[in-house]
Amino acid sequence: MNVYFAVNEQKPTAWEVALQAARLLRSNKVNCFLSADAPRPTGQLFHIVATEKEAAEQSDAIITVGGDGTLLHTVARLGPQCPPILGINVGRMGFLATVEPANLEPLNRLATGDYMLDERSMLEARIAGKPMVYTALNDVVISKSEVNATIRCTVYCDSTPVSSYRGDGVIVATPTGSTAYSLSAGGPVVDARSNGMVVTAISPHSLNTPPMVFAGERQLKIEICENSRRTACFSSDGTNEIRLEKEDVVYVRQSPYKIRLVCLNEAEQLKSIDKKLKGR
């Protein structure tokens, strides 16, 4: 078995944890890969591959060492057709990166094949008039770009207007992303294995803007309205920040691709909610 390690060098303990995980996997005859731009010497534990893309293509699985953001950014770099991913959490929350550094023994199950693959739906977004298509495992966010300003958004579902409001913006989240920014903005928690999209307003200047959940086969259109002096910002999973102008339109739908997460516990999302949200 081949495993590619994506390590967040900004986390102080990430390389130490990565080395511990690699030793454990090597003892189970797993080949561990790093891309050539890895910033630290690694001795004989890792095989060095020229690029991250090549390392992922040669691997049966990816291990990210960081937080949930590390996993999301790895997906953003490699694309939705990358190998299954397992995250080791050296971040704060760990909804997606579920293996804790204090207990790396579950990695033995990766070596023996004793795990499940949890398929998670993704979003696909595009800005009208531009060719680029953006994918997101957590969310697509349209937010104001100026501190002392608001923007007005109109949300359409299959060309039918369903909501229009002024505020700090709007979040379109996957079920996986329902426990991230959308939850902080007042959105519901959705079973991560379901399909669909959650639309949550960010600090709306209205008492009548409830979060809405749409079926996976719907297409959403978000239009930036009014006041050409104020701009908005588009992002997908916290990356690809793009400035939007008045009357720009963003289309969001469910992606035909799904990300596969290595799952060591069938109720990981529910356990994370109970332990990491309710216990905060």
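Tutor: Gladly; let us begin with Thr74, which has its place in helix H3, residues 68–78. Keep in mind that this is a predicted model.

Student: Why is Thr74 called buried?

Tutor: Buried means under 20% relative accessible area. Thr74 has 0% relative accessibility, so it counts as buried.

Student: And which residues does Thr74 touch, leaving out those up to four places away in sequence?

Tutor: Thr74 touches Ala6, Ile62 and Thr64.

Student: Leu72 is in helix H3 as well. What makes Leu72 buried?

Tutor: The cut-off is again under 20%. Leu72 comes to 8% relative accessibility, and therefore counts as buried.

Student: Which residues is Leu72 in contact with, apart from neighbours within four places in sequence?

Tutor: They are Leu96, Leu137, Asn138 and Asp237. Leu137 is 65 residues from Leu72 along the chain, yet their C-alpha atoms are separated by 6.9 Å.

Student: Which residues of H3 are buried?

Tutor: Asp68, Thr70, Leu71, Leu72, Thr74 and Val75 are buried in H3. Their cover includes S1, S4, S5, strand S6 (116–127) and S17. Just after H3 comes Gly79, with a positive phi of about 90°.

Student: Let us turn to helix H1. How do you know that the span of H1 agrees with its number of residues?

Tutor: H1 covers residues 14–26, and at 1.5 Å a residue its 13 residues should span 18 Å. The end C-alpha atoms of H1 are 18 Å apart, so the span agrees.

Student: Which residues of H1 are buried, and what do they pack against?

Tutor: The buried residues are Ala14, Trp15, Val17, Ala18, Ala21, Ala22, Leu24 and Leu25. They pack against strands S1 (2–7), S2 (31–35), S4 (61–66) and S5 (85–89), and against helix H4 (107–112).

Student: Why would residues three or four places apart in an α-helix point the same way?

Tutor: An α-helix has 3.6 residues a turn, so residues with that spacing point the same way.

Student: Now some loops. Why is Glu247 called exposed?

Tutor: Exposed means over 50% relative accessible area. Glu247 has 57% relative accessibility, so it counts as exposed. Glu247 is found in the loop between strand S16 (239–244) and strand S17 (249–263). Its C-alpha atom is 9.7 Å from that of Ile222, which is 25 residues away along the chain.

Student: What makes Met93 partly exposed?

Tutor: Met93 has a relative accessible area of 23%, so it is partly exposed. Met93 has its place in the loop between S5 and H4. Gly69 is 24 residues from Met93 along the chain, and their C-alpha atoms are separated by 9.9 Å.

Student: What stands out about the phi of Ser159?

Tutor: Most residues other than glycine have a negative phi. Ser159 is not a glycine, although its phi is positive, at about 75°. Ser159 is found in the loop between strand S9 (151–157) and strand S10 (160–167). With a relative accessible area of 64%, Ser159 is exposed.

Student: To finish, the whole chain. How many helices and strands does it have?

Tutor: The chain has 6 helices and 17 strands.

Student: And what makes the chain as compact as a globular protein of its length?

Tutor: For 280 residues the globule rule gives 19 Å, and the radius of gyration of the chain is 20 Å, close to that value, so the chain is as compact as a globular protein of that length. Of the 280 residues, 51% count as buried. Among contacts between residues at least 6 apart in sequence, 66% join residues at least 24 apart.

Note on methods
Residues numbered from 1 in each chain as written. Predicted model: local features only at pLDDT ≥ 70, side-chain atom pairs only at ≥ 80, totals over all residues. Heavy atoms only, no water. Helix = DSSP H or I, 4+ residues; strand = E, 2+ residues; numbered from the N terminus. Rg over C-alpha atoms; globule rule 2.2 N^0.38 Å. Buried < 20%, exposed > 50% of the residue type's maximum accessible area, 1.4 Å probe, protein only. Contact = heavy atoms within 4.5 Å. Expected span 1.5 Å × (residues − 1).
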